[in-house]
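This report covers strand pairing, helix packing and aromatic contacts for a single model. Please keep the structure open while reading.

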Amino acid sequence: NSIWVSTDHDEIEKVAKQFGARVHRRSPEVSQDSSTSLEAIREFLNHHQEVDIVGNIQATSPCLHPSDLIKVADMIQKEGFDSVFSVVRRHQFRWSEVKKGENKMTEPQNLNPAKRYRRQDWPGELYENGSFYFAKRHLIEKGYLQGGKMAYYEMRAEHSVDIDIDIDWPIAEQRVLSFGYFGKEPLKEVKLLVCSIDGCLTNGRIYVAEDQKEMVSYDYRDIVGVDLLKKRGIQVRLISERDCSKTLSAMQLGCVAKVGTTNKLQVLEDWQKEMSLSWKEVAYLGNEESDVECLKKTGMSGVPADACAVAQKAAGYICKSNGGCGAVREFAEHIFLLLEKVNSSRKQ
C-alpha cells in the first residue's frame with residue numbers, strides 16, 4: 001500500500017521523494033556498517049503500527065519486475081503464507097572444501113562423478129538470490145524474515161542479478177538493458193541523438209595559437225560512434241552554446257548542428273517536433289548545467305564521466321569515459337543495447 005525508502009542520508013532522501021517514495025529516517029543505532037536489514041525493518045515497524053506485511057526489496061537486485069512482487073503479495077494475502085522469499089535455479093556442481101594442511105580428498109556434494117548430468121538433463125537446485133523477502137509483522141517482531149508457513153518464489157534467471165562486488169556492475173548494467181523493467185509504456189526505438197559539442201564530442205579544451213586561431217581535439221572513437229549510429233538509422237545532431245562552426249566544418253561529420261544558441265531546450269523541442277518524434281525516441285548527451293533540462297526531457301540521457309554534478313544527477317546513464325575521450329562511442333553502445341531490448345520485446 002505504500003513504498004518507503006529507509007535511509008539516514010539527506011541526498012538519498014531527496015532522490016527518493018523525487019521518485020514518489022516516502023522516507024523513513026533511520027536512527028544512528030541501525031545505520032552502522034554492521035547494521036542488518038532486519039534491524040532497520042523492525043525500527044520502521046515500531047513507528048508504523050498500521051503495517052501488517054513488509055516486502056523488503058534489495059537495492060542490489062536491479063532487474064526485479066513489479067509482476068513478481070504482485071504475485072508474492074498475493075501468496076501472503078490470499079494463500080496464507082507467513083513469509084515468501086526469492087530464489088533462482090542454478091545448475092552448479094558443488095564439492096566439499098578442503099582446507100590447506102588437511103590431508104583429505106574433496107567429495108562431491110550434489111553429483112555422482114561417474115554419472116554426470118548434462119545441464120539440460122538436470123533440474124538444478126534453488127538458491128536464495130537476495131532480491132526480496134516478504135514477511136508478516138508478527139514474524140519480524142520475533143526477529144525473523146523467514147519462518148512460519150514459508151514459501152519461495154522462483155525468479156527467472158535473467159531477472160536474477162545481485163550486485164556484491166565491483167565486477168558485478170557491468171553485468172548488472174547489461175542485464176538491466178536486456179531484461180530490466182522500463183515502465184508500462186512500450187519501449188521506443190531511439191531515432192535521434194542530440195550531442196553537446198563542447199565537453200562531450202570534444203574534451204572542452206580550446207587551444208589558441210599565436211595567430212589567435214582556435215583548435216580543439218577529439219577522439220576518433222567518437223567519430224566512429226557517430227558513423228555507427230547513422231548506419232543504424234539514428235540521426236545525430238549537434239548543439240553548442242559556442243559558435244564553433246569552423247571546428248565542425250573541419251571535422252566533416254555531416255551532421256545537422258545548431259551553434260551559438262542560448263536555449264538548448266528550445267532547439268531540442270524544435271527538432272523533436274520537426275521530426276515528429278515522441279520524447280522516448282530522443283536521446284541526449286550533455287555535460288553542463290545548460291544541458292540539465294534537455295537531459296530530463298529525453299527518453300534516454302547520458303553524460304561523460306567528467307560532467308558537472310547537476311548534469312550527472314539529471315542523466316540516466318553516466319559514461320565511464322570522459323568527454324572527448326570516447327564518451328560518444330560509449331553512449332552509442334548504450335543505445336544499441338536498448339535497441340536490442342526493443343527488438344527482443346517485439347519478438348516476444
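## Model

The model is predicted. Residue numbers count from 1 along each chain as its sequence is written.

## The four-strand sheet

An open sheet of four strands has mixed pairing and the order E3-E5-E4-E6. Strand E3 (53–57) and E6 are the edge strands; each has a single partner strand, so one side of each is left without a neighbour in the sheet. Direction ignored, neighbouring strands of this sheet are turned against each other by 35° on average.

E3 and E5 run antiparallel and are joined by five bridges. Ile-57 has Phe-132 as its bridge partner in E5. Five bridges also join E4 to E6, but these two strands run parallel. There, the bridge partner of Phe-85 in E6 is Tyr-152.

## Ser-131 in strand E5

Ser-131 is placed in strand E5. Is this residue, Ser-131, buried or exposed? Its relative accessible area is 1%, so Ser-131 is buried. Leaving aside neighbours within four places in sequence, Ser-131 is in contact with Asn-56, Ile-57, Gln-58, Ser-61, Leu-64, Ser-86 and Met-155. One of these contacts, Ile-57, is also the residue whose bridge partner in E5 is Phe-132.

Helix H2 (residues 37–47) has the buried residues Leu-38, Ala-40, Ile-41, Glu-43, Phe-44 and Leu-45. The cover over these buried residues of H2 includes strand E1 (4–7), strand E2 (22–25), E3 and helix H4 (137–141).

The loop between H2 and E3 contains Val-51. Val-51 counts as buried because its relative accessibility is 12%, and the cut-off for buried is under 20%. Not counting residues up to four places away in sequence, Val-51 touches Phe-44, Leu-45 and Arg-137. Two of the residues touched, Phe-44 and Leu-45, are among the buried residues of H2.

Val-51 and Arg-137 are 86 residues apart along the chain, and their C-alpha atoms are separated by 7.4 Å.

## The parallel region around E12

Strand E12 (residues 282–285) has Val-282 and Tyr-284 pointing one way and Ala-283 and Leu-285 the other way; all are buried. E12 runs parallel to strand E7 (residues 192–196), and four bridges join them. Within this pairing, Leu-192 has Val-282 as its bridge partner in E12.

E12 also pairs with strand E13 (residues 300–303), in the parallel sense and over three bridges. Leu-285 stands opposite Gly-302 in E13. Together with helix H10 (residues 292–297), E12 and E13 make a right-handed β-α-β unit.

## Aromatic rings

A pair of aromatic rings is described by the distance of the centres and the angle of the planes. The count comes to six aromatic pairs. Among them, Tyr-117 and Trp-122 form a stacked pair, at 6.2 Å centre to centre with 10° between the planes. Tyr-117 counts as partly exposed because its relative accessibility is 45%, while Trp-122, at 10%, counts as buried. Phe-93, Tyr-117 and Trp-122 form one aromatic cluster.

Phe-132 and Tyr-153 form a tilted pair, with 6.1 Å centre to centre and 45° between the planes. Phe-132 lies in strand E5 (residues 125–136) and Tyr-153 in strand E6 (residues 150–154), so this pair ties together parts that are 21 residues apart in sequence. Phe-132 counts as buried at 0% relative accessibility, and Tyr-153 counts as buried at 11%.

What lies over the face of Phe-81? Lys-149 does, at 4.9 Å from the ring centre.

How values were computed: Predicted model: local features only at pLDDT ≥ 70, side-chain atom pairs only at ≥ 80, totals over all residues. Heavy atoms only, no water. Buried < 20%, exposed > 50% of the residue type's maximum accessible area, 1.4 Å probe, protein only. Pairing = 2+ DSSP bridges. Right-handed = clockwise from strand over helix to strand, strands pointing away. Phe/Tyr/Trp six-rings, centres within 6.5 Å; stacked < 30°, edge-to-face > 60°. Lys NZ or Arg CZ within 6 Å of the ring centre and 35° of its normal. Axes fitted to C-alpha atoms, helices over the stretch in contact; angles between N-to-C directions. Contact = heavy atoms within 4.5 Å.
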